[in-house]
Structure formats: structure tokens, C-alpha cells
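Reader: Please take a close look at the aromatic ring pairs. Where do the partners sit, and how are they packed?

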Amino acid sequence: MTKYLLKRVLQAIGVVFCISLITFFVLNIVPGNPVEIMLGEFADQATIAIYIQYFSWLGNMLQGNFGTSYFQNKPVIDILTSSFLVTAKLAGIAYILAVVLGIVVGVVAAVNHGKWVDSALMTISVFGISAPAFWIAIILQIVICLKFNLLPLSGIDSFKSFILPGIALGTRYAASIARITRTSMLDVLSQDYIRTAEAKGLKGWVVTIKHALRNALIPIITIAGSDLGNILTGSVLVESVFSIPGIGKMLVDSINTRDLPIVQGGVMYIAVI
């Protein structure tokens, strides 16, 4: 186990290093090097050499110093931290929604296997997996905000501001968990000990929750764990649509303004997560 963990940690470090290398060089070879722009006529090749910049940035990053934003004139680590706190709130709501809704839908579909309820829920789950998060976000804005005026359209004035973005972000993962839950539950419900429990006269919900669901949780927990990382890094478009100042919107705005220190810091955050 120790050797396995050590191997995985070393692989992760190698991947993060490669991502940092690729990200830095790709961003710095695009036309309009910001260092040249900032230094102007005082620029010299020793100062602006990309490899020197990279090793300087890498050394600082390993010490927790991601540089200073070109346009906000603030430490990148402070900007990342404040944006991450917003993204974490959004991701938390989306994750709870995805896990709870996904498990409930999956269990109901499995218990009603072959019936219209099963077919309807699985059809909806296919739609949930297929529909892009930003499209769901726009539809929710049009229907819930503009037509019925039930929730805020954008921004983060209160907890209500996170509800629609959380639904838009969590829908795909809820649908995915629902399908895994249904498959796992069907496998468990066909086991002999389930039939034995039913033959003893136990109530249906006791058999389903206490016996079947508990033993079907392993694949559900596995996919739910990987979904947490995806939700923490997959909110770029949703945050942009709802104007939520999280990591995603920060990255989009920084790319548009070519604020490279923030872009590099944001990409490293995604890589590490």
C-alpha cells in the first residue's frame, strides 16, 4: 500500500509539473508578451527570456508566491483564495444536490424496474447528462428569473443567488449518479439475501434502504468522489453566465485581459484539484 501511494503521489507531482511547463510556455509564446509590454524600451533578452521567467515563476510558486496580477495589482494567491471560497460554496450546493437527487432517483428507478417510472427517470437522466451546463443555466434564468422572478438573475447577494447556479452545475452529476445507483441497486436487489429478507416479512423500505442501498454504495461513493473534483473545477461557464466571482469567471476575465499570473495560477489550481 505504501509503495502504491508513493507511486501515485510521484505521478501526480510529475503531471502537475508538466502542466505547469506547458501552461507557462504556451501562454508566453503567444504574440504580445506582457513582459515586453511592461518593460517597453528597457526590455532586454536576458530579462524577458522565457526559460528564466519559467524557473523564476516555478521557484516562487513552490513557496506559495504566484506573482502579482498585472491589472488588479494584488497578489495572485489572495485573488485565488477569495475566488475559491465563492466556488467552494457553489460547488458544495451543487454536490449536495447531485448526491441526494442522484441517489433518490436511482433507487426509485431500480425499485420500479421495467415500469414507466423507471423509463421516465432514466430518460430524464440521459437528458441531464447530455445537456450542457451553460444551456441549463440560461434556460433557468429565462424561466425562473425573467418569467416568474423567483430567484436572482445574477451576482451573489444572498444564499438564493447560489440556488440556480447550483442546480445548473449539479444536474449533470446528479444524472450520472442516478444511473450508477440504479445499475448498482439492480445488481444487489437480485441477490439471494434480499429475497431472504423479503421472505422474512421485512417492510419494503427497510429491505431497500437498510440492506440493498448499503451494499450498493461502493460504486456510488467512487463516482461521487471523482465528481467532487469535477464540480470544483467545472464551474467556468456557469459562473460566467450567472456573473459569480469564482475561479471560473476569474479565469475567463483574466484570459480576456491577458493577465497571465492569474491565468497560470488558475490553471495550476485546476491541475492540483
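Author: Phenylalanine 84 counts as partly exposed, at 30% relative accessibility (buried is under 20% relative accessible area, exposed over 50%, partly exposed in between; 1.4 Å probe, protein chains only). The model is predicted, so local features need pLDDT of at least 70, side-chain atom pairs 80 or more, while totals for chains, interfaces and linings use all residues. Numbering starts from 1 along each chain as written, and side-chain values use heavy atoms, without hydrogens or water.

Searching the whole structure gives six aromatic pairs (Phe, Tyr or Trp ring centres within 6.5 Å, six-membered ring for Trp; planes under 30 degrees apart are stacked, over 60 edge-to-face, the rest tilted). One of them joins phenylalanine 24 and tyrosine 54: the planes meet at 65° and the centres lie 5.4 Å apart, so this pair is edge-to-face. It bridges distant parts of the chain, 30 residues apart. Phenylalanine 24 belongs to helix α1 (residues 2–29), tyrosine 54 to helix α4 (residues 50–62) (helices are DSSP runs of H or I, at least four residues, numbered from the N terminus).

Now back to phenylalanine 84. Its ring pairs with that of tyrosine 269, centres 5.8 Å apart and planes at 70°, so this pair is edge-to-face. Here too, distant parts of the chain are linked, 185 residues apart. Phenylalanine 84 lies in helix α5 (residues 76–111), tyrosine 269 in helix α13 (residues 260–272). Tyrosine 269 counts as buried, at 13% relative accessibility, whereas phenylalanine 84 is partly exposed.

One aromatic cluster is made up of Phe24, Tyr54, Phe55 and Trp57.

How values were computed: Helix = DSSP H or I, 4+ residues; strand = E, 2+ residues; numbered from the N terminus.
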